[in-house]
Amino acid sequence: MDPVIGTDDGNDLIAGIEMHRQEMGKDSDVAVGSLKHLLPPLPYEHAALEPYIDAHTMMLHHDQHHASYVANLNSALEKFPELQERTAFWLLLNLGKVPQKIRAAVRNNAGGHVNHSLFWRAMSPAAGGAPVGPLADAIKRDFGGFEQFKARFDDAGVKLFGSGWVWLARAQQDGGGLQVYTTSGHDNPLMQGHFPILVNDVWEHAYYLKHENRRGDYLKGWWPVVNWEEAARRFERSDHSAERDWEGEGGSRPVDSQRDAPTS
Ligand code: MN3
């Protein structure tokens with residue numbers, strides 16, 4: 001797949017790499033060792049999603065769990081400089097090009113990094129309500145209505161055995177219909193050619209402090225923090241994107257490349 005990223009975010013990332021290469025005065029095939037995956041900052045305070053998601057859960061979830069996926073991804077790539085400049089999304093979509101020795105670690109940790117990056121942005125303080133516009137129309141068309149969609153989403157999340165994620169995703173084939181389903185571990189819908197629109201984390205670490213074993217309560221109580229503006233943006237973007245355009249959708253954010261870019 002073409003490694004060039006077709007998004008604004010990606011262009012920033014590529015620009016950062018190019019600046020670094022120029023500064024280093026090296027050929028473009030020299031690996032950029034300093035371009036490590038970084039933990040993106042939460043787009044709001046830890047306590048911002050209270051009372052729906054408690055601050056302590058958010059602190060552990062972002063500052064510890066997500067951070068550990070980033071650290072483990074960097075660690076897995078340490079001896080493979082040729083892979084270090086790839087985005088987390090690229091790695092996830094090109095596991096066949098990742099050496100067998102680190103493939104499972106890359107799948108788990110690049111996936112964890114990408115999915116959590118999407119997840120933080122899927123939520124927002126003072127959010128909730130219902131989607132409007134083309135996404136609302138598509139939800140009505142494909143699920144019969146917003147309430148039916150939510151029931152389907154909650155049901156899928158409850159029924160997932162073990163750790164994973166529940167998604168609203170859009171197929172690229174078959175008319176681009178919306179689907180609700182789960183993935184295990186940290187797999188992402190893009191791995192099966194579906195564009196992720198909305199996601200909730202149903203690993204126990206996402207809800208156990210507040211809801212203990214009651215995953216259904218967590219799922220039902222999550223809707224008031226859903227960022228429908230972001231979901232609508234992703235839905236509209238999915239109308240006109242090729243697979244290579246999706247790489248900037250998670251994992252590597254502009255803040256990452258800015259941090260990585262040399263400060264001359
Ligand atoms: Mn999680």
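Me: Where is E212?
Reply: E212 sits in the loop between α7 (208–211) and α8 (215–222). Helices (H or I, at least four residues) and strands (E, at least two) are DSSP runs numbered from the N terminus. Residue numbers start from 1 along each chain as its sequence is written. Please keep in mind that this is a predicted model, where local features need pLDDT of at least 70, side-chain atom pairs count only at pLDDT 80 or more, and totals for chains, interfaces and linings use all residues.

Me: What is the phi of E212?
Reply: E212 is not a glycine, yet its phi is positive, at about 50°.

Me: And is E212 buried or exposed?
Reply: E212 counts as exposed because it has 11 C-beta neighbours inside 10 Å. A residue is buried if 20 or more other C-beta atoms lie within 10 Å of its own, exposed if 12 or fewer, and partly exposed in between, with C-beta atoms placed from the backbone.

Me: OK, what about A126, where is that?
Reply: A126 lies in the loop between α4 and α5 (133–143). A126 is no glycine either, and its positive phi is about 55°. A126 counts as exposed, because 11 C-beta neighbours fall inside 10 Å.

Me: Which bond joins E50 and P51?
Reply: A cis peptide bond, with omega about 0°. P51 belongs to the loop between α1 (8–24) and α2 (55–77).

Me: Zooming out, how many helices and strands are there?
Reply: The protein has 10 helices and 3 strands. In sequence order they read α-α-α-α-α-α-β-β-β-α-α-α-α.

Me: Let's do the strands. How many bridges join β1 to β2?
Reply: There are 7 bridges between β1 and β2 (residues 178–184), and the two run antiparallel. Strands pair if DSSP finds at least two bridges between them. β1 is also joined to β3 (residues 194–201) by 7 bridges, again antiparallel.

Me: Which residues face each other there?
Reply: L168 has V180 in β2 as its bridge partner, and A169 stands opposite P196 in β3. In the hairpin of β1 and β2, with 6 residues between the strands, D174 takes a positive phi near 55°.

Me: Why is β1 largely enclosed?
Reply: Because 6 of the 8 residues of β1 (residues 164–171) are buried, the rest of the structure largely encloses it.

Me: What does L168 touch?
Reply: Leaving out residues up to four places away in sequence, L168 touches F153, L178, V180, I197 and L198. Contact here puts two C-beta atoms, placed from the backbone, within 7 Å.

Me: Which residues have the most contacts inside the largest nonpolar core?
Reply: L73 and L168, in a core of 52 residues. It draws at least three residues from each of domain 1 (8–38 + 54–124 + 250–259) and domain 2 (133–241). Those bounds come from an automatic or database domain assignment. A nonpolar core is a set of buried Ala, Val, Leu, Ile, Met, Phe, Trp, Tyr and Cys residues joined through C-beta atoms within 7 Å.

Me: Last topic: what is the mean pLDDT?
Reply: The mean is 83, and 77% of the residues reach 70 or more. pLDDT is the predictor's confidence in each residue, from 0 to 100. Over residues 1–33 the pLDDT stays under 50, and over residues 251–264 it is below 50.
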